[in-house]
Amino acid sequence: MPQLLKKVCRTLDMAGTKTIFLTLLLFHFFSTKLLQALSQSQDPTGKHGYPAQLNFKEKYFTQSLDHFNFNAMGNGTFLQRYLITDSYWKTGYGPIFFYTGNEGDVWDFALNTGFLIELAAQQEALVIFAEHRYYGKSLPFGNDSFNLEKIGLLTVEQAIADYAIMISVLKHQLGATDCPVIVFGGSYGGMLSVYMRIKYPNIVAGALAASAPILSVAGLSDPGQFFRDVTNDFESIAPECRDAVKEAFHQLKTLGELQDYMEIQSAFTLCKRPSSAGDIYQLNGLLRNAFTLMAMLDYPYSTHFMGNMPANPVKVACDTMLGGADLLANLRNTAGIVYNASGLLTCFDLNSLFVMCADPTGCGLGFNSMAWDYQACTEINLCYESNNITDMFPAMTFTEKERMQYCSKKWGVIPRPDWLKTQFWGDALSTASKIIFSNGDLDPWANGGVRKSLSSSLIAINISEGAHHLDLRGTNDADPASVIKARKTEAEIIRQWVTTERTMKSKHSP
């Protein structure tokens with residue numbers, strides 16, 4: 001493992017002389033190796049947010065390329081990866097817990113969703129984690145999947161149709177036709193769980209959607225909300241922390257206006273000296289993204305999800321920001337919590353550590369970032385912006401017009417801002433049923449989701465000390481009481497749904 005991290009860091013150090021495409025290739029390779037290593041080195045006690053046992057088998061499902069066009073692809077197929085474990089399943093009777101994979105490698109979610117394993121042990125369930133098309137190893141056209149003529153099959157509709165087909169076929173193959181299916185997902189995966197319950201209630205008996213921003217991605221929120229909520233997380237530790245961050249960004253702005261690029265390179269230990277306003281904009285994006293990730297992943301214990309984070313990273317960040325008089329050095333060191341957790345980087349390369357895209361909260365790196373960028377250019381509406389008034393960040397807009405210009409140039413597409421409201425109901429969810437919307441108060445995505453129960457079976461669970469889908473993580477000694485209570489409530493509701501589904505099927509069976 002240490003050698004792997006050193007290789008990654010050496011690669012990033014040299015990236016200033018490489019092309020972005022080569023960097024993406026290298027990141028994809030090393031991140032895959034890292035996930036494999038993590039999957040083989042789980043904590044056996046289950047006390048650190050990982051499931052105690054991961055007896056998953058990695059398999060591939062023959063999936064249709066295009067579920068909605070009978071001519072274009074000639075009924076072509078691709079291999080879609082999924083993970084499955086029947087370690088706790090009461091064969092042919094226990095429920096099926098199906099994770100609706102989101103924008104990344106399926107192992108990454110399996111390693112960080114221990115609640116499903118614990119719940120499966122309690123309720124004798126079969127567990128399946130499905131990988132989203134165009135992510136991880138589920139590339140319909142291999143490395144050509146991101147060519148303009150190939151990427152058009154990457155849509156929300158295709159993805160949930162994949163899951164519906166996979167569930168139906170696997171139920172038949174496993175002799176589980178009468179087993180109720182509950183879908184689970186976090187963040188975008190939580191959105192997909194909601195959409196599965198809405199579109200395929202004949203297949204899915206209920207959904208747990210954790211940290212699912214189904215309203216904001218449909219264009220139903222204030223564009224300034226996200227970064228305002230990120231700021232609130234740091235302000236809650238200390239108002240002085242917010243003020244220090246804001247002043248540090250102001251100092252950076254002043255240096256940029258003076259074109260003192262040598263001082264900026266020195267202050268932030270950049271591998272390459274900035275030379276334009278565009279480089280400063282990129283630096284601001286990289287720095288803002290670090291605070292975003294720490295707010296999202298503000299767990300009470302260290303984690304290895306979307307990067308390596310210490311316990312309580314927001315507090316660690318504030319301690320760093322307030323640790324001395326040199327605010328630019330403090331800002332650099334705070335960003336290093338995210339970008340240099342290993343301590344092995346000798347300098348920061350702006351273009352390899354962070355990639356600007358159609359998601360102002362960050363697309364990540366590697367091939368997965370290309371897929372998410374495309375989705376943010378088509379159906380997923382992420383026109384969030386910081387304004388330096390209601391938040392502590394530089395003013396960085398991302399309007400519908402700017403999104404359209406970027407997406408047209410990058411992918412040759414024009415976004416459809418209102419499509420999710422039409423296709424997946426927006427906030428008009430009252431006729432849906434059996435969906436849990438869980439959100440943590442520490443999560444900047446929370447206020448883009450459903451925070452109030454809409455009916456007796458559209459249930460909102462708010463977790464006062466929870467960050468991004470903390471409830472889906474495995475049991476940990478450091479868990480706050482609020483998430484322990486939330487998991488118990490979720491488990492009981494899901495048990496009731498399974499029982500109700502069995503009763504309904506028994507009444508309708510011949």
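Q: By class, what does the lining of the second largest pocket have?
A: A pocket here is an open set of points on a 1 Å grid over the protein atoms alone, where a 1.4 Å probe fits, with protein on both sides within 12 Å along at least five of seven lines; lining residues have an atom within 4 Å of a point. Ala, Val, Leu, Ile, Met, Phe, Trp, Tyr, Cys and Pro count as nonpolar, Asp, Glu, Lys and Arg as charged, and the others, Gly among them, as polar. In this case, the lining has 9 nonpolar, 5 polar and 3 charged residues. This is a predicted model, where local features need pLDDT of at least 70 and side-chain atom pairs pLDDT 80 or more, while totals for chains, interfaces and linings use all residues. Numbering runs from 1 along each chain as its sequence is written, and side-chain values use heavy atoms, without hydrogens and water.

Q: Which residues lie nearest the centre of that pocket?
A: Lys253, Glu257, Ile280, Asn284 and Pro394, out of 17 lining residues. Helices are DSSP runs (H or I, at least four residues) numbered from the N terminus; α8 gives the largest share of the lining, 7 residues.

Q: Which residues touch the most other members of the largest nonpolar core?
A: In soluble globular proteins, nonpolar side chains tend to be buried together. A nonpolar core joins buried Ala, Val, Leu, Ile, Met, Phe, Trp, Tyr and Cys residues through side-chain atoms within 4.5 Å, buried meaning under 20% relative accessible area with a 1.4 Å probe, protein chains only. Here the core holds 160 residues, and Phe129, Tyr195, Ile214, Phe234, Phe268 and Phe291 touch the most other members. Its largest share, 10 residues, comes from α10.

Notes. Helix = DSSP H or I, 4+ residues; strand = E, 2+ residues; numbered from the N terminus. Buried < 20%, exposed > 50% of the residue type's maximum accessible area, 1.4 Å probe, protein only.
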